[in-house]
Amino acid sequence: MDPFVIGILGIVFLLIFLILGVHIALALGAVGMFGCIAMLGFDAAMWQSTSIVYNIVAAQAFIVLPLFIFMGLLAGVGGLSRDIYDVLHKWVGGLRGGLGISTILSCTAFGVCTGSSLVTAAVFSRISAPEMRRQGYDKKIAYGIVSAGGSIGMLIPPSILLVIYGIISQESVGKLLVAGLAPGLTLTVVFSLGIIALTYIRPNWFGKEQKVKVSWKERFTSLLKIWPILLVFLVVVGGILGGIFSPTEAAAFGAATLLILTLIFTEKGKRWITIRTCLLETVVINAMVFFILFGAGLFARFLMFSGITPKVLDLVTTAGFSNITFVCLMALIFLGMGCFMDSISMLSITLPILTPIIKDMGINPIYFAMVTVMAIECGLITPPVGLNVYGAHGAAEPDVSLEDIFRGSFPFFFLMILAVIVIIAFPKISLFFPSVMMGG
């Protein structure tokens with residue numbers, strides 16, 4: 001059978017598996033393996049699969065992943081999240097929607113330690129959402145803010161998703177991590193301004209919030225409480241930007257920093273239990289991600305041998321799409337996929353096809369990565385998948401339903417689309433920090 005026909009059949013079977021609810025790693029791996037067997041024979045396909053496993057395990061970039069996951073888990077069990085929220089509330093509590101803005105800023109700061117949107121949404125569902133409700137916020141908007149704010153962690157370094165993007169696409173993990181900083185801050189600003197606008201459009205959602213009156217001396221003094229966050233930021237982001245550390249070294253130093261802080265500030269009786277729990281969770285999460293990456297690698301190899309990628313490239317070239325049109329089209333596709341798939345699955349399926357296409361079209365891969373991740377973020381708060389919504393709901397108060405959180409997240413979906421448009425229209429936002437990293 002013609003390899004191209006086998007490739008088309010493989011994609012059809014992949015879609016069938018996903019519709020039937022087969023785990024993404026198993027679906028990608030099965031299609032890739034049987035497709036390679038059909039084209040290359042059993043022995044050659046086995047050799048391809050073992051080489052893919054070795055290349056993933058041996059990849060230096062992959063070491064970053066478990067270290068960043070460990071960092072996020074340590075930050076989640078510590079008291080950093082509460083300190084961040086208290087400090088930032090002192091600074092912006094006097095604004096309209098101050099509690100909501102404090103939550104968004106706290107999610108951004110907490111993202112420096114976690115790199116996980118799901119962890120961030122769950123943590124602040126326990127900390128800030130109940131406080132917003134006590135101040136008169138409608139439960140829908142309170143948990144909607146938390147769910148949306150959690151998505152910023154996918155961009156603020158150390159972003160686990162950007163590490164995975166780099167591993168699959170073979171792009172520089174260091175450049176991707178520092179590139180995410182400016183788009184992440186852009187999303188923070190858009191969300192904060194959006195909350196202020198909502199206080200005028202829908203004032204009944206925000207009740208009669210009491211504005212915080214704090215002296216400037218108290219504000220600056222409160223910053224001492226979040227020195228661990230600043231330290232981790234300087235180690236991870238500052239180290240990479242300044243050329244002091246490679247991404248792997250920065251991850252190691254960041255994890256070591258949080259580990260030392262955990263040993264110092266955790267109660268003596270809970271110290272080793274906390275670390276042991278975080279280590280076990282790291283192993284479980286890392287194994288799951290590894291399984292997906294292995295399946296994605298095998299699927300990418302299958303596409304290469306089938307000739308699908310060159311055919312798609314020819315199709316895009318003959319269609320005459322301009323670069324900006326192609327980027328906008330892909331952003332729309334990712335927005336649609338986000339309603340049905342999780343972030344890692346989307347990257348695992350699409351990047352093997354898209355990576356050679358964007359390089360051939362001359363689209364900056366770092367810029368395209370930022371647009372892609374921003375578009376994928378929208379799926380974190382859209383039904384039926386909406387992982388952030390499920391994470392927030394798992395830690396929410398008993399009277400809060402999934403429907404409440406999805407409804408509260410709805411305005412932020414449009415704010416995210418606005419942020420995607422800004423990132424597409426102004427590529428320099430995505431490329432600013434990588435250019436600093438490269439010295440100009």
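## Helix 21

Helix 21 covers residues 402-425, 24 residues in total, and at 1.5 Å a residue it should span 34 Å. Its end C-alpha atoms lie 34 Å apart, which agrees. The expected span is 1.5 Å times one less than the number of residues. Helices here are DSSP runs of H or I with at least four residues, numbered from the N terminus.

This is a predicted model, in which local features need pLDDT of at least 70 and side-chain atom pairs pLDDT 80 or more, while totals for chains, interfaces and linings use all residues. Residues are numbered from 1 along each chain as its sequence is written, and side-chain values use heavy atoms, leaving out hydrogens and water.

Helix 21 has a kink of about 40° at Phe410, shortly before the proline Pro411. The bend is the angle between axes fitted to the seven residues ending at a residue and the seven starting there.

## Asp404

Asp404 sits in helix 21. Asp404 counts as buried because its relative accessibility is 11%. Buried means under 20% relative accessible area, exposed over 50%, and partly exposed in between (1.4 Å probe, protein chains only).

The Asp404 side chain makes polar contacts with two side chains: Lys139 at 3.4 Å and Ser401 at 3.1 Å. A polar contact is a pair of N or O atoms within 3.5 Å; within protein, one must be able to donate a hydrogen and the other to accept it, and residues adjacent in sequence count only if both atoms are side-chain atoms. Setting aside residues up to four places away in sequence, Asp404 touches Lys139, Lys140 and Asp399. Contact means heavy atoms within 4.5 Å.

## Nonpolar core

The largest nonpolar core has 147 residues. Such a core is a set of buried Ala, Val, Leu, Ile, Met, Phe, Trp, Tyr and Cys residues joined through side-chain atoms within 4.5 Å. Phe368 and Phe412 are among those with the most contacts inside it. Helix 19 (residues 365-378) gives the most to this core, with eleven residues.

## Cysteines

There are zero disulfides. A disulfide is a pair of cysteine sulfur atoms within 2.5 Å. The closest cysteine sulfur to that of Cys328 is in Cys378, 13 Å away, too far for a bond. Cys328 is partly exposed at 33% relative accessible area. Cys107 is buried at 0%.

Pro157 and Pro158 are joined by a cis peptide bond, with omega about 10°. Gln170 is not a glycine, yet has a positive phi of about 65°. Gln170 lies in the loop between helix 9 and helix 10 (173-179) and is exposed at 65% relative accessibility.

Definitions and conventions
Helix = DSSP H or I, 4+ residues; strand = E, 2+ residues; numbered from the N terminus.
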